[in-house]
Amino acid sequence: MTAARVWSVTSTTPTEDDARAIARAVVADRLAAGAEISGPATSVFWHLGELGEGKEWRVTLRTSAAVRDRLAARVAELHPWSSPEVTASPIEWCIDSYAEWVEQTTAASE
């Protein structure tokens with residue numbers, strides 16, 4: 001099995017503006033090649049000893065294996081919550097030209 005060249009990093013935020021600010025910052029820093037923002041979505045969670053429910057916005061970022069960890073750290077740094085969701089999944093397959101674009105775009109941040 002070949003190691004994934006492209007990764008999808010996601011986080012949720014309390015507002016669309018927060019998601020947009022994170023997306024703009026990490027794409028401008030070339031830690032992500034691109035971002036998608038979706039929402040709002042209803043989230044149900046356990047926090048501070050009680051059941052909660054609220055609206056959240058999801059920001060999905062595409063990055064290379066080389067800068068994935070730096071991107072995740074930057075998202076956490078920019079995030080308004082003290083312990084935000086920041087997760088990553090490998091893109092098991094994509095066309096070579098897409099992987100090359102992601103790698104070339106994020107190589108500028110190395």
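Helices (H or I, at least four residues) and strands (E, at least two) are DSSP runs, numbered from the N terminus. This is a predicted model, where local features need pLDDT of at least 70, side-chain atom pairs count only at pLDDT 80 or more, and totals for chains, interfaces and linings use all residues. Residues are numbered from 1 along each chain as its sequence is written, and side-chain values use heavy atoms, with hydrogens and water left out.

**Exercise 1.** Work out what span helix α1 should have, and look at what follows the helix.

*Solution.* Start with the rule: the expected span is 1.5 Å times one less than the number of residues. For the 13 residues of α1 (residues 16-28) this gives 18 Å, and the end C-alpha atoms are 18 Å apart, so the two agree.

**Exercise 2.** Find which residues of α1 are buried (under 20% relative accessible area; exposed is over 50%, partly exposed in between, with a 1.4 Å probe and protein chains only).

*Solution.* The buried ones are Ala19, Ile22, Ala23, Ala25 and Val26. Now see what covers them: the cover includes β1 (6-13), β2 (34-47), β3 (50-64) and α2 (68-78).

**Exercise 3.** Describe how glutamate 103 and arginine 5 pair.

*Solution.* Their side chains form a salt bridge (a side-chain nitrogen of Lys or Arg within 4 Å of a carboxyl oxygen of Asp or Glu), at 2.7 Å, N to O. Glutamate 103 sits in helix α3 (residues 96-107) and arginine 5 in the segment before β1, so the pair ties together parts 98 residues apart in sequence. Finally, widen the view: Arg5, Asp96 and Glu103 are linked in a salt-bridge network.

Terms used. Contact means heavy atoms within 4.5 Å.
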